[in-house]
Amino acid sequence: MPIVYLNGDYLPLEEATVPVEDRGFLFADGIYEVVRFYRGRSFQLEAHLQRLQHSAQGAHLPLASAAAELPGIIERLLVENDLQDANVYIQYTRGAAHPRTHTFPAAAQPTVLVMPVPIHALPGDAFTRGVSAVTMPDLRWRRCDIKSTMLLPNVIAKQQARDQGAFEAILVRDGVVTEGSSTNMFAVIDGSLTTHPADQDVLGGITRQVILALAATLCLGICEETFTVDQLYDAEEVFLTSTTSEVLPITQVDGRAIGDGRPGRVTMRLFEAFQKEVAS
Ligand code: PDD
């Protein structure tokens, strides 16, 4: 049974409980982060903590003092769980308050949860052969830059994709590709690495930022601009990025092959550069 951190205590997962009146439970009134650890070392922890601050500000959610203590909390959790490679999930909610009412409670203490989550290994050939995706309407709110626990549109989209045998749902708003249900989306269009700008319509992915920096060092053409579904279908290459899936080629969208139906050259160069970055 994994040990998790909840509101100051280190507990076995089964003993970590929150009141039913927690606003995370009643309103999805919370924010979160997922940080990856490779061989006992965090990857981009500082960037994740900065994004957590950004989400907290956007959600009008004061981070408890535990925010400054997060690196120490995470380190202790890895030791207690004897983990070297893990994803670490961090969640803050606005806490429990009685009676249920929409307005912010005056006295509630934020609920803070930190727990390791196992790395779901993707099928061995996912990185070498690529995965498929399907497009879907982006039904989310207009502050997708806030990493909110309010994920109903995301989980429905992901499930619908999986029900259709696809790995990811690519979300589309007004004909424009925003991002995946839990990933950022890149397309190589006319030779340029293209991805939606990091505005309020997408999550400013940490992996996205690392990939853009690596692309710059590889002198690739970079274009942080929106692209349409038709441009996606006609792209030379498509791939997704996230903390949990890293850099993953997408070789089929809505049943159509992307490029020649195999992971492209730019994708594989970035995949390799990313692996090197992680190893260093
Ligand atoms: N998902 N876009 C969305 C909507 C996401 O939920 C995520 C991350 C990303 C990629 O961000 P990053 O590179 O910082 O992980 C983009 C996490 C992993 C999750 O919800 O589990």
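Predicted model: local features only at pLDDT ≥ 70, side-chain atom pairs only at ≥ 80, totals over all residues.
Three cavities of 30 Å³ or more were found in the structure. Rolling a probe the size of a water molecule over the atoms shows where empty space is left. The largest cavity has a volume of about 60 Å³. Its lining consists of Arg36, Tyr38, Phe43, His48, Ile206, Thr207, Ser242, Thr243 and Phe274. Two or more of the lining residues come from strand S3 (30-38), and two or more from helix H6 (206-217). By class, the lining of the largest cavity comprises four nonpolar, four polar and one charged residues. Domain 1 (3-117) and domain 2 (126-279) both contribute residues to this lining, and the largest cavity therefore lies between the two domains. Three residues named in the lining, Tyr38, Phe43 and Phe274, also form one aromatic cluster.

Aromatic contacts were examined next. A pair of aromatic rings is described by the distance of the centres and the angle of the planes. The structure holds six aromatic pairs. One of them joins Tyr5 and Tyr10 in an edge-to-face arrangement, with 5.3 Å centre to centre and 70° between the planes. Tyr5 is buried, because its relative accessible area of 6% is under 20%. Tyr10, at 23% relative accessibility, counts as partly exposed. Another pair is formed by Tyr32 and Tyr89, and this pair is stacked, with 5.5 Å centre to centre and 25° between the planes. The pair links distant parts of the chain, since Tyr32 belongs to strand S3 and Tyr89 to strand S5 (residues 86-93), 57 residues apart. Both Tyr32 and Tyr89 are buried.

Lys158 lies over the face of Phe167, at 5.8 Å from the ring centre. Arg256 is placed over the face of Tyr233, at 3.9 Å from the ring centre.

The peptide bond from His98 to Pro99 is cis, with omega near -5°.

Positive phi values were found in aspartate residues. Asp82 has a positive phi of about 50° although it is not a glycine. Asp82 is situated in the loop between helix H3 (66-80) and S5. This residue counts as exposed, because its relative accessibility of 68% is over 50%. Asp254 likewise has a positive phi, near 50°, in a residue other than glycine. The position of Asp254 is in the loop between strand S14 (246-253) and strand S15 (256-257). Asp254 is partly exposed, with a relative accessible area of 27%.

A further aspartate, Asp199, lies in the loop between strand S11 (192-195) and H6. Helix H6 is one of the elements that give two or more residues to the lining of the largest cavity. With a relative accessible area of 31%, Asp199 is partly exposed. Asp199 and Cys144 are separated by 55 residues in sequence and by 8.3 Å in space, C-alpha to C-alpha.

Notes:
Residues numbered from 1 in each chain as written. Heavy atoms only, no water. 1 Å grid on protein atoms, 1.4 Å probe; cavity = no way out; pocket = protein on both sides within 12 Å on 5 of 7 lines; lining within 4 Å. Points joined across faces, edges and corners; volume = space filled by probe spheres on them. Helix = DSSP H or I, 4+ residues; strand = E, 2+ residues; numbered from the N terminus. Nonpolar A, V, L, I, M, F, W, Y, C, P; charged D, E, K, R; others polar. Domains from an automatic or database assignment. Phe/Tyr/Trp six-rings, centres within 6.5 Å; stacked < 30°, edge-to-face > 60°. Buried < 20%, exposed > 50% of the residue type's maximum accessible area, 1.4 Å probe, protein only. Lys NZ or Arg CZ within 6 Å of the ring centre and 35° of its normal.
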